[in-house]
Amino acid sequence: MLKELKSANAPAAIGPYCQGIEAQGTVIYVSGQLPIDPATGEFPGDSIQIQTKQSLENIKAILAEAGCTMANVVKSTVLLKDI
C-alpha cells in the first residue's frame, strides 16, 4: 500500500509528482527538493550554504509527515549544477 506524503512546511511539488511516498509503512521515498522557502515561495539568499539548509529543512518536513527524522535516512543523492 502506498501513502502520499504532503507537508505544508515544505514547498508544493512543481510538476506531476508528490513530495514523498510511504511504501508498505517501512520505506519512504522523498522527491528532490529545491531550496524554496514554503513561507515565501522564494529561494532564501544566494549562497549554497543557505540554499542547501533550506533544501534539507524541506526534506525534514516531509519526513516528519511520516513520523520520521533525518536519523531514519538510509540513502540520499545530491545533484549539483557545478561541482
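A disulfide is a pair of cysteine sulfur atoms within 2.5 Å. By this rule the count in this predicted model comes to zero disulfides. Cys18 is in no disulfide, and the nearest cysteine sulfur, that of Cys68, is 15 Å away. That separation is too far for a bond. Cys18 is also buried, at a relative accessible area of 19%; buried means under 20%, exposed over 50% and partly exposed in between, with a 1.4 Å probe and protein chains only.

The model is predicted, so local features need pLDDT of at least 70, side-chain atom pairs count only at pLDDT 80 or more, and totals for chains, interfaces and linings use all residues. Residues are numbered from 1 along each chain as its sequence is written, and side-chain values use heavy atoms, with hydrogens and water left out.

Gln19 sits in the loop between strand S1 (2–5) and strand S2 (20–23). Strands (E, at least two residues) and helices (H or I, at least four) are DSSP runs, numbered from the N terminus. Gln19 counts as buried because its relative accessibility is 6%. A polar atom of the Gln19 side chain lies 2.5 Å from the backbone nitrogen of Ser7. The side chain of Gln19 also reaches the backbone oxygen of Ala10, at 3.3 Å. Residues touched by Gln19, beyond those up to four places away in sequence, include Leu5, Pro11, Tyr29, Gln33 and Ile62; contact means heavy atoms within 4.5 Å.

Pro38 lies in the loop between S3 and H1. Pro38 is partly exposed, with a relative accessible area of 32%. Leaving aside neighbours within four places in sequence, Pro38 is in contact with Ala8, Asn9, Ala10, Pro11, Gln54 and Asn58. Pro38 and Gln51 are 13 residues apart in sequence, and their C-alpha atoms are 13 Å apart in space.

The largest pocket holds about 1200 Å³ of space. A pocket is an open set of points on a 1 Å grid over the protein atoms alone, where a 1.4 Å probe fits, with protein on both sides within 12 Å along at least five of seven lines; lining residues have an atom within 4 Å of a point. The lining has 31 residues, and Gly32, Ile59, Ser76, Thr77 and Val78 lie nearest the centre. Strand S3 (27–30) and helix H1 (48–65) are the elements that give two or more residues to this lining. H1 supplies the largest share, seven residues. By class, the lining residues are 18 nonpolar, ten polar and three charged. Asp, Glu, Lys and Arg count as charged; Ala, Val, Leu, Ile, Met, Phe, Trp, Tyr, Cys and Pro as nonpolar; the others, Gly among them, as polar.

Key. A polar contact is a pair of N or O atoms within 3.5 Å; within protein, one must be able to donate a hydrogen and the other to accept it, and residues adjacent in sequence count only if both atoms are side-chain atoms. Grid points are joined across faces, edges and corners, and a volume is the space filled by probe spheres set on the points.
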